[in-house]
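Hi,

Here is the structure I promised to pass along. Have a look at it first, and my notes on the strands follow below.

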Amino acid sequence: SSGINAECPLRPGTRISDNIHLMDPLTLKIGQLNAGQYFRDQFDAICHQKQLREFMVMNIEPVYNTDKQYGSYSHKHQLADVWVLPLNSLGTDDQEIHTRTHLGNILQCGDYVLGFDVAHAVVNNAVFDKMKQSQLPDIILVKKIYPEKVKRNKGRNFRLRRLRKGSVTETVTDDGDYNDFLEDLEEDPELRKNVNLYKRQKPQWMAEAEEVIAPKVGLEELLDDLVLEPADTDENGNMLTE
C-alpha cells in the first residue's frame, strides 16, 4: 500500500471547539488550528461522513513505534496495520486492501468500519490534486461501526434537551444526523464532558440496552431527568423542552 511510512497530508478532524483538532492517522501526531490561523489560510473538507464507505476488517496487527517522538501525539489511540475489504467485495476474489489506522485499540477481525476511499475518490479540490499519490494511503479509516444500530438508539440511557418555540415536544429519535451525534457522545468522553446528559426512564430503554454491544455513558455521568411544566421558559419566552 502506498503512503503508509510517512506523515499523511490528509488529516481527519477529531474535534472542533475553540480550535480545530486534527490528527495524522498514520503516526498519531496531533495538531490544532485556532480561528486566526484558519481564517488566514482557509481550507475545505474534502470528505464528509455521508461520503464514507463501509469496510470489513479481515486482519489487523498492532504497530508499536519505539522511535523518539517530537511534538504532540494522541495517547488514546493505537496504531495498527489493517487489511480490509469493501462490503460489496465480500465473497469475491478481490484483493484485501492494506492501510495503517489510528483505530487499532478498538478494531478486531470481523468488525465493520467507515473509511475514506482515497484511491477511488473523486475530489474537486486544487490542493488535493497537487498531492503526490505516493504520499497518500489507499484508505483512511475513520470510525468503527457498532452492530445493532436500531437497538442502540432505542436502548440509549440518556437524552438531551433543546429549546423549541411554542410547545413541549419529544426530542426527535429517528433523525440520522442527530443519532450520529449521540453516538459520538457515547464514544468520546472528551466530547461530552461539557454536555448535559439526562437520564431516560428505565422502562423505555433497559431491555434494549442489555443487548447492545457498544460504548455506553455511565449512569454516574447523567443528570436526573426533569419534568418541565408549561410555565418553564427561558428569559426570552422560549419553552424549555426535551
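A word on terms before the details: two strands count as paired if DSSP finds at least two bridges between them. Strands themselves are DSSP runs of E with at least two residues, numbered from the N terminus.

Please keep in mind that this is a predicted model, where local features need pLDDT of at least 70, side-chain atom pairs count only at pLDDT 80 or more, and totals for chains, interfaces and linings use all residues. Residues are numbered from 1 along each chain as its sequence is written, and side-chain values use heavy atoms, with hydrogens and water left out.

Let me start with the open sheet. Three strands make it up, in the order β1-β2-β3, and their pairing is antiparallel. At its edges lie β1 (13–16) and β3 (30–33), each of which pairs on one side only. On average, neighbouring strands here are turned by 20° against each other, direction ignored (the axes are lines fitted to C-alpha atoms, and angles run from 0 to 180 degrees between N-to-C directions). Between β1 and β2 (residues 20–23) there are three bridges, and G13 sits opposite L22 of β2.

Best wishes

Notes
Helix = DSSP H or I, 4+ residues; strand = E, 2+ residues; numbered from the N terminus.
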